[in-house]
2 protein chains.
Amino acid sequence: MKNHAMALSRPSTARKDTGPTQRGQCSKRVSILDAAANVFCREGFSGASIDEIAIEACVSRQTIYNHYREKETLFVAVIEDVMERANAMLFSTLSTFPDKPDHLQQDLADFAIRLTKNCLCNDDGKFLRRLVQSEGERYPHLFEGWRQHGPCKISTTLGALFAKLAHKGALRIDDFDLAARQFLALVNADLQMIYLFGGKPTEEELQTAAKNAVETFLRAYGPRVQETSSQPAPVLMAVS
Amino acid sequence: MKNHAMALSRPSTARKDTGPTQRGQCSKRVSILDAAANVFCREGFSGASIDEIAIEACVSRQTIYNHYREKETLFVAVIEDVMERANAMLFSTLSTFPDKPDHLQQDLADFAIRLTKNCLCNDDGKFLRRLVQSEGERYPHLFEGWRQHGPCKISTTLGALFAKLAHKGALRIDDFDLAARQFLALVNADLQMIYLFGGKPTEEELQTAAKNAVETFLRAYGPRVQETSSQPAPVLMAVS
DNA sequence: GACGTGTTAGACAATAGTGTCTAATTTTAC
DNA sequence: GTAAAATTAGACACTATTGTCTAACACGTC
């Protein structure tokens, strides 16, 4: 249950580094990485103890030292593992961005839900929010690659996707990257408070957040004459 | 320079708890709290050592134990200190919200800049982002009060302020609290990436972020006929 | 069954941190 | 100036943790 997303996406990325084991005992490496991710996320780098990780991974402490020479090596391996998986999931989700202008409101909302579910609210997302925040300054080089290929790239990629829709006349956008950043910000507007104390939004909260975000986004960037169901908007006429 | 905001707002909140000192040695308490805030922020709770705090506060370790019985007591005191100050600054800033509909775009942008500068980008803001994220789950009761009176209240308070403007016809808003949350989200849209690796935005980045946020906010919630400088919008007339 | 690889439990030294205690010193109040 | 209060440096016991080492063990292949 808790490791659902991890377990799901793990098989997709074939582990290429051949450690002391071939592939039969690869499961040890995986359980160590998973347990370490949980403990590091829960306790932070200095708060996490190797013994705790060993117990949670159902592995002896010595095994951890066999695979990863020292605590910091393990930490770096965990970070890289999570980041690679998170970035893969991010771009896999981005590839589901709607390209047809029909049902834009619903399609964008569905996309927003996929994005939050797959990338922001899962264990990897929580891990990254927490660890980048707390350990980011201590390991600048470590997170730099992820930052470049993850968060930084998402705006431009999403911006390009919005550009496509704009060229089809479905959106009126000046600065596509800005619109992308704002779209992401709006999606998170209702969820920030939930993230804050470590919780995960319910399905309903997710849908409401997506709906709210898309409505406002379209009011700002959608084609003119946006009919809102709540209050009958005054009829507008374009004069020249 | 670094403690500018802290030093500014500190005298405003009279310290009421009378520890072992009356008020002459109160400066010790303050330097301990400041140093502890920095170290806890940098290293997290378990990573921070009392010795490090003592050195940074230019105080002997024993003095810290005299004032605060143990590490956790000190931690809680620091958290409460920062939160109280942050909330005070937050509502002090909220009180500068524009109430005149003229020059709304500029006034809202200026307000957004004040908000980011005074509450989000200063040391206290960084401290809270980091510590609530990493230690929030360990001390649920500790942050609960702040959450109620800070982040949770800001939406409703800001929402009420937007409502005033809306009633004057300056804004077209259905859900005021939602609009407030989205305003905050938009203001942060361009800054998230900077927060991510612990940096502080420059004055110019701050202004651009505020300008972008307000423009989009007004496109979504502003009165109709929003003139954009880039592309001459068609003149619109409300019929009935 | 022998062998090699990987795993395990436990002991171990080394280090670092917490919290206490004491005696000397400084600061503050009167 | 004197006495009380606060501060300091240092030693101290205690605990937790890291990382190493060793001997026993599991498990497969040959």
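Which residues are buried in helix 6 of chain A? In this predicted model, local features need pLDDT of at least 70 and side-chain atom pairs count only at pLDDT 80 or more, while totals for chains, interfaces and linings use all residues. Residues are numbered from 1 along each chain as its sequence is written, and chains are lettered from A in the order in which they are written.

The buried residues of helix 6 of chain A are Leu108(A), Ala109(A), Phe111(A), Ala112(A), Leu115(A), Thr116(A), Asn118(A), Cys119(A) and Leu120(A), where buried means that 20 or more other C-beta atoms lie within 10 Å of a residue's own, C-beta atoms being placed from the backbone. Helices are DSSP runs (H or I, at least four residues), numbered from the N terminus. These buried residues pack against helix 5 (71–94), helix 7 (123–135), helix 10 (176–189) and helix 12 (203–221) of chain A.

The expected span in the table is 1.5 Å times one less than the number of residues.

| Helix of chain A | Length | First to last C-alpha | Expected span |
|---|---|---|---|
| Helix 5 | 24 residues | 34 Å | 34 Å |
| Helix 6 | 17 residues | 22 Å | 24 Å |

Helix 5 of chain A has buried residues of its own, among them Phe75(A) and Val78(A). Leaving aside neighbours within four places in sequence, Phe40(A) is in contact (C-beta atoms within 7 Å) with Phe45(A), Ala48(A), Phe75(A), Val78(A) and Leu131(A).

Chain A is divided into domain 1 (19–69) and domain 2 (79–221), with bounds from an automatic or database domain assignment. Their centres, taken over C-alpha atoms, are separated by 30 Å, and six residues of domain 1 of chain A are in contact with eight of domain 2 of chain A.

Note on methods:
Contact = placed C-beta atoms within 7 Å. Helix = DSSP H or I, 4+ residues; strand = E, 2+ residues; numbered from the N terminus. Buried ≥ 20, exposed ≤ 12 C-beta atoms within 10 Å, placed from the backbone.
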